[in-house]
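Open the model in your viewer and keep the sequence panel beside it. This tour moves from the whole chain to single residues.

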Amino acid sequence: MRKPPKPKPLLQHADVPARSRPRKPRNPAQPNLPLDPMPDRIDPCLALLKSKPPKGRQWAFEVKWDGYRLAVHIEPNGVRILTRGGHDWTARFPAILAAAKRLPVSTAILDGEAVVFDERGRSDFGRLQQSLGGRGGKRTSREAVLMAFDLLYFDGRDLTGTELSARRHLLEGLVPAGGEDAIRLSEEIEADGEVLLRIACEHGLEGIIAKDRNSTYRSGRLGDWLKIKCVQSDGFLIVGYEKSTASFGGIGRLLLAARKGNELVYVGGVGTGFNERSADELREQMDRLIIAKPAVDTGRKRNAVFVRPELVAEIEYRAWTDDGKLRHSSYKGLREVQDNAGICEIE
């Protein structure tokens, strides 16, 4: 393939190349622009769940990653890695920490998702949890990769009031596409939203994210970012389990609850998605929370053990039954308190 020709210099009269005027030395009396103070923490912008991708040129699309939301604060005196709930997990992600120190910037805040990939290159929440030692574990994860998708602060400037397209432009200059380091760019994908969602689902991905290119960075779930999932998933409180001698960890089914106003309501159970390790760890944690009477009315259950509703399980499901129970549900893992575990709310 031929190399592109080198650009020719602009010419003035008499074929003399045009030159910019020499820079004048800075007047010491002229004040410097003040730097924006670097915030200790920024509450994340959260994606609002929608059933279909939006239409319109203002929407940019990315893959939806299945992991832990992190903010990476790069400062002259070091790097801090904070969870969505503001907990310091710097020591638990040594590879991400090392990669952040190598970035060519003095101050920055990266917004992204820590993930662990499976053999097919898909983010796997269960593998991420195992790499950290399970829920409540204290291990460090050298496998985790930060998929960076936003830049909130850069070289002394607060970017939260800047539109997404400009923030992305700066992020792409800092974290180039196609990298193999522990901090990688979550790339925008030029495609129709419905086509991209279909392809994502065919490849076994969790879904896609749509972001308004013109939006500033606003904390909370305000509709500037949208998530469209291939399979529905939510956090549900574990209120008990049914014993089984034939299942991993002796867990036949988990008994689950969701929030309805200020109360908890029983939404059925889940008996798939466990492996031997995850079931053993889950059983150990549930057995520390055993109570005599159920926290919610689960109906008559055989061989049921009830627990205080403190553990939040991430559950995939296809639909709801007419009487408000989960259909075709599967256990994905336990959510962390540090990850601001959300609990499904029903009307």
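What follows is a series of selections, each with a note on what is there.

**Ground rules.** This is a predicted model, in which local features need pLDDT of at least 70, side-chain atom pairs count only at pLDDT 80 or more, and totals for chains, interfaces and linings use all residues. Residues are numbered from 1 along each chain as its sequence is written, and side-chain values use heavy atoms, with hydrogens and water left out.

**Whole chain.** Select the protein chain and colour by secondary structure. You will find five helices and 19 strands. Helices (H or I, at least four residues) and strands (E, at least two) are DSSP runs, numbered from the N terminus. The chain has 347 residues, and 46% count as buried. Buried means under 20% relative accessible area, exposed over 50%, partly exposed in between (1.4 Å probe, protein chains only). The chain exposes about 19500 Å², with carbon and sulfur atoms supplying 49% of that area. Accessible areas come from the Shrake-Rupley method with a 1.4 Å probe; for residues, only the protein chains shown count as cover. Of the contacts (heavy atoms within 4.5 Å) with a separation of 6 or more, 67% link residues 24 or more positions apart.

**The four-strand sheet.** Select β1, β10, β9 and β2. They form an open sheet in that order, with mixed pairing. β1 (48-49) and β2 (59-63) stand at the edges, each with a single partner strand, so one side of each lacks a neighbour in the sheet. Two strands pair if DSSP finds at least two bridges between them.

**β2 and β9.** Zoom in on β2. Five of its five residues are buried, so the strand is largely enclosed by the rest of the structure. Which residues cover each face? W59, F61 and V63 lie on one side, A60 and E62 on the other, and all are buried. Look for V63 opposite I208 and F61 opposite A210.

**K229.** Step across to β10 (residues 225-229), where K229 sits. Is K229 in a buried or an exposed position? K229 is buried, yet it has no salt bridge. That term requires a side-chain nitrogen of Lys or Arg within 4 Å of a carboxyl oxygen of Asp or Glu. The nearest side chain of opposite charge, E206, is 4.2 Å away. Leaving out residues up to four places away in sequence, K229 touches L49, K64, E206 and G207.

**β6 and its partners.** Select residues 145-154. This is β6, and ten of its ten residues are buried.

- β5 (residues 108-115) runs antiparallel to β6 over eight bridges; I109 stands opposite Y153.
- β8 (residues 183-185) runs parallel to β6 over three bridges; A148 faces L185.
- β7 (residues 157-158) runs antiparallel to β6 over two bridges; Y153 has D158 as its bridge partner.

Stop at the β6-β7 hairpin. Two residues lie between the strands, and D155 takes a positive phi near 50°.

**Last stop: β19.** Select residues 330-334. Four of the five are buried, so β19 is largely enclosed by the rest of the structure. β16 (residues 312-317) pairs with β19 in the antiparallel sense over four bridges. Finish on E316, whose bridge partner is S330.

Note on methods:
Lys and Arg count as positive and Asp and Glu as negative; His and the chain ends are not counted.
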